[in-house]
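Hi,

Here is the structure I said I would pass on.

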Amino acid sequence: FIWSESGWAGGVYQWETLEDAKAFYSGAWLQGIIERYGMRPDIEFYEVFALTDTTRGTVELFKEPVPQASAT
């Protein structure tokens with residue numbers, strides 16, 4: 001969970017696939033947010049390229065993402 005003194009709040013979640021994330025952030029979840037807060041949330045998706053574990057002193061690198069062609 002994240003919060004800013006400017007009033008913004010949200011969460012950072014990691015999903016196996018972009019399709020899984022998009023499926024979760026629609027339907028019942030989206031309707032619940034709209035009903036509770038009276039507005040649609042701003043949702044942004046990011047590609048994870050590495051995970052850092054400072055406790056273990058490890059960095060796990062992932063393969064570079066394949067650019068997706070834009071639909072025209």
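**Aromatic rings and a lysine**

Lys22 sits over the face of Phe45, 5.9 Å from the ring centre. Before you read too much into that, keep in mind that this is a predicted model.

Phe45 also belongs to an aromatic cluster, together with Trp15, Phe24, Tyr25 and Trp29. Across the structure there are six aromatic pairs. One of them is Phe24 with Tyr25: the ring centres are 5.0 Å apart and the planes meet at 85°, so this pair is edge-to-face. Tyr25 and Trp29 make an edge-to-face pair too, because their planes are at 75°, with 4.8 Å between the ring centres.

Trp29, at 26%, counts as partly exposed. Phe24 is partly exposed as well, with a relative accessible area of 38%.

Phe24 turns up again at the surface, where it forms a nonpolar patch with Tyr13 and Trp15. Together the three have about 330 Å² of accessible area. As for Tyr13, look for it in the loop between β2 (9-10) and α1 (18-24). Its relative accessible area is 56%, so Tyr13 counts as exposed.

Cheers

Note on methods
Residues are numbered from 1 along each chain as its sequence is written. This is a predicted model: local features need pLDDT of at least 70, side-chain atom pairs count only at pLDDT 80 or more; totals for chains, interfaces and linings use all residues. Side-chain values use heavy atoms; hydrogens and water are left out. Rings of Phe, Tyr and Trp (its six-membered ring) pair if their centres lie within 6.5 Å; planes under 30 degrees apart count as stacked, over 60 as edge-to-face and the rest as tilted. Buried means under 20% relative accessible area, exposed over 50%, partly exposed in between (1.4 Å probe, protein chains only). A charge sits over a ring if NZ of Lys or CZ of Arg is within 6 Å of the ring centre and within 35 degrees of the ring normal. Patches are made of residues with over 30% relative accessible area and no salt bridge: like charges are joined within 9 Å, nonpolar side chains (Val, Leu, Ile, Met, Phe, Trp, Tyr) within 5 Å. Accessible areas come from the Shrake-Rupley method with a 1.4 Å probe; for residues, only the protein chains shown count as cover. A salt bridge is a side-chain nitrogen of Lys or Arg within 4 Å of a carboxyl oxygen of Asp or Glu. Helices (H or I, at least four residues) and strands (E, at least two) are DSSP runs, numbered from the N terminus.
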